[in-house]
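Please take a moment to look over the structure shown below, keeping the sequence beside it. The paragraphs that follow walk through it step by step.

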Amino acid sequence: MSTHIMGFIEKSNKILLFIAAIIVIFAIGKDVFSGFFKKDYSEPKVQVIDHRNAHKEKPKLEKKYVGQIKDVHILEVTSDKIIEEQSYNSNAEMMVVSSSLNLSSNAVNLMFTKPGEKNLLLFENNALIVDFSPTQSKETDYRHILSKNIYSVARKDTNKDGFLNQNDMKELLVSEYDGSNLKSVMNNIEGYQVIKNEMLLIYTNTKSETLYYTFDVLSGEIIKLDTSLKL
């Protein structure tokens with residue numbers, strides 16, 4: 001009799017171990033898949049709506065406070081959709097911003113506001129803010145001095161995937177700390193980085209190579225670097 005009981009217990013233990021293994025495998029698989037999905041949602045992108053369909057799909061805009069530069073408070077405007085512009089002409093009244101103040105990945109506009117004064121909404125037509133380097137008056141271990149705000153913005157769905165994202169060509173702009181005196185520096189860039197005080201490295205891609213430029217924030221001078229390979 002005891003032999004039957006021991007056999008039953010042994011079989012039960014094997015079944016329990018099998019069930020436990022299935023649960024562990026399921027849990028690990030769930031974590032792996034959820035990791036993949038999180039990566040999909042982390043990339044900044046905003047769906048582009050053709051201007052001819054603007055009357056059918058109206059983007060929902062939301063505002064959120066993100067921080068302060070000197071006496072100016074900054075709020076971001078986010079949206080999951082954007083109406084594609086028919087054409088774009090750069091002018092000093094339009095401007096752009098993004099990421100050092102922890103903007104959302106779908107920030108499409110910025111608002112500068114001072115106490116007792118009317119706010120400045122940076123875009124007349126929303127665009128995806130890809131990168132933003134705000135004015136920095138003191139050098140630190142992590143940041144160089146900048147006398148201007150630097151902005152990288154995607155306005156057009158250049159790769160025709162239906163979204164504005166970091167894979168589209170971007171425009172580089174600069175302004176004063178409060179968003180005034182916006183100026184376009186260069187169109188169709190891949191990106192930029194601050195390499196030392198008041199100096200940016202800008203890079204663009206052609207079909208055959210990557211081109212590099214330095215941009216002096218104070219003087220506005222742009223110099224193309226000779227990076228050709230001469231064999």
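Helix α1, which spans residues 2–42, is where Phe18 lies, and in this predicted model the residue counts as exposed, with a relative accessible area of 56%. Phe18 belongs to a nonpolar patch on the surface, which it forms together with Ile15, Ile19, Ile22 and Ile23. Taken together, the residues of this patch have about 510 Å² of accessible area.

In soluble globular proteins, nonpolar side chains tend to be buried together. The largest nonpolar core here has 18 residues, and those that touch the most other members are Ile74, Leu103, Leu110, Phe112, Ile129, Tyr151 and Val153. Two or more residues of this core come from each of the elements β2, β3, β5, β7 (128–133) and β8, and it is β5 that gives the most, with three residues. Apart from this core lies another one, made of 14 residues, including Ile150, Met186, Tyr192 and Tyr213.

Side chains of opposite charge can pair when their charged atoms come close. With a salt bridge taken as a side-chain nitrogen of Lys or Arg within 4 Å of a carboxyl oxygen of Asp or Glu, the count for this model comes to five.

One of them joins the side chains of Glu76 and Lys64, at 3.6 Å from N to O. Because Glu76 lies in strand β3 (residues 72–78) and Lys64 in strand β2 (residues 62–69), this pair ties together parts that are 12 residues apart in sequence.

In another salt bridge, the side chains of Lys114 and Asp71 meet at 3.9 Å from N to O. Lys114 lies in the loop between β5 (107–113) and β6 (120–121), and Asp71 in the loop between β2 and β3, so this pair ties together parts that are 43 residues apart in sequence. Lys114 is buried, with a relative accessible area of 19%, while Asp71, with 36%, is partly exposed.

A further salt bridge is formed by Glu171 and Arg155, whose closest N and O atoms are 3.0 Å apart. Here, too, distant parts of the chain are linked, since Glu171 is in strand β10 (residues 170–175) and Arg155 in the loop between β8 (149–154) and β9 (163–165), 16 residues apart. Glu171 counts as buried at 3% relative accessibility, and Arg155 is also buried, at 8%. Finally, salt bridges that share partners join Asp71, Lys114 and Asp178 into one network.

Methods. Residues numbered from 1 in each chain as written. Predicted model: local features only at pLDDT ≥ 70, side-chain atom pairs only at ≥ 80, totals over all residues. Heavy atoms only, no water. Helix = DSSP H or I, 4+ residues; strand = E, 2+ residues; numbered from the N terminus. Buried < 20%, exposed > 50% of the residue type's maximum accessible area, 1.4 Å probe, protein only. Core = buried A, V, L, I, M, F, W, Y, C linked by side-chain atoms within 4.5 Å. Patch = residues over 30% accessible without salt bridge, like charges linked within 9 Å, V, L, I, M, F, W, Y side chains within 5 Å. Areas by Shrake-Rupley, 256 points an atom, 1.4 Å probe, with all protein chains shown as cover.
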